[in-house]
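A short briefing on both topics follows.

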Amino acid sequence: MNAVTRRVVIGTAAVSMALSLAACGKAGDGDSADGGGDGKTIGLLLPENKTTRYETFDRPIIEAQIKELCFDCEVKYNNAAQDTETQKKQFDALVTQGVKVIILDAVDYKATKSWVEQAAKKGVKVVAYDRLAEGPIAAYVSYDNEKIGRLQGEALVKALGARAKSANVVMINGSPTDPNAPLFKKGAHSVLDQQVGKIVYEQDIPDWSPDEANKKMGAAIDSLGKNGFQGVYSANDGMAGGIITALEKQGIKVPVGGQDAELAGLQRILKGQQAFTIYKQIKPEAETTAEIAVAILKGEKFDQLAPAKVTSLTGEFKDIPAKLYDARIVTKDNIADTIIADQVYKAADLCTAEYKAACEAAGIE
């Protein structure tokens, strides 16, 4: 048990209360000049709910870990539903309420610079979660996102097999306002530009919208013809669903990849509709973020939790303490050894009636 999680329980109520105040924030420490401050509350702002992971995994894991580390701390949560102005209002409200630590997964990473700068002047620390927001961030927890893009490219090349060297590929990239999207794209290009014939159509998709991905895939088919491409790179599973719907409508069967190991994406993989996804272990990412936030609230060091250093995408903010996790390619062959083994989903979640035969064929029971 580390210093963040250590807790001493003493029988008398008076002493117990004193200890919990000391453990959960030292309420007077770091208060702004106007005397405000909240040593018991952590803000949690997530960007959108179109991607199922945020409400299904990220939020409950972060909230549970904060409660585990600081039993009388409160988490004030909001989801911006992919609206930057909404997230700004949510962020400003937390600052106004005196919240001293905010976990922020930004809708638009460039927009956050002034928010974070103003918050810092009031003694508010911001932990960037999953996406690296601009500004004087206290810490950042995510993945090596360029490496994830490389994994996506490698998986698509493998799915194309002997055809890869001459294959035409369509690229459907993520949202331009998400700082991870250009890193995924850069990583994927570093592989695909060398190992496939040609990128023949490429689009960025605002808000990671599956509907927009569906429309762009339809436009690509209209432009290239049904036989004008042999594979599709999709930056995530949600968009892959829209892409595959467009392909199936035209009777086209080519490898399509994704990311996030969403339930629907995994089921498409089992059924042979989707070639692969990228599995990012959300639990350690979320739990580490919670640990850092609680450590900051307590005024404790968190060097061991964030041993790396990163620079913001604009290059303005350097030496941001960070923890970057790795990811894995998931195909039909290793769903049992990854997703099921790590209890991301139970076999019963994946293997509904429609997918029962496919699960049995993949060794999932």
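With 60 degrees about the S-S bond, is the link of Cys70 and Cys73 right-handed or left-handed? The link of Cys70 and Cys73 is right-handed, at 60 degrees about the S-S bond. This is a predicted model, in which local features need pLDDT of at least 70 and side-chain atom pairs count only at pLDDT 80 or more, whereas totals for chains, interfaces and linings use all residues. Residues are numbered from 1 along each chain as its sequence is written, and side-chain values use heavy atoms, with hydrogens and water left out.

**Disulfides**
- The structure holds 2 disulfides, a disulfide being a pair of cysteine sulfur atoms within 2.5 Å.
- Cys70 is joined to Cys73 with an S to S distance of 2.1 Å, and both Cys70 and Cys73 are buried (under 20% relative accessible area, with a 1.4 Å probe and protein chains only).
- Cys351 is joined to Cys359, with S to S 2.1 Å, and this link is left-handed, with -95 degrees about the S-S bond.
- Cys351 counts as buried because its relative accessibility is 18%, and Cys359 is buried, with a relative accessible area of 1%.

- Val232 touches residues including Leu156, Val170, Met217 and Leu247, not counting residues up to four places away in sequence, where contact means heavy atoms within 4.5 Å.

Technical notes:
Buried < 20%, exposed > 50% of the residue type's maximum accessible area, 1.4 Å probe, protein only.
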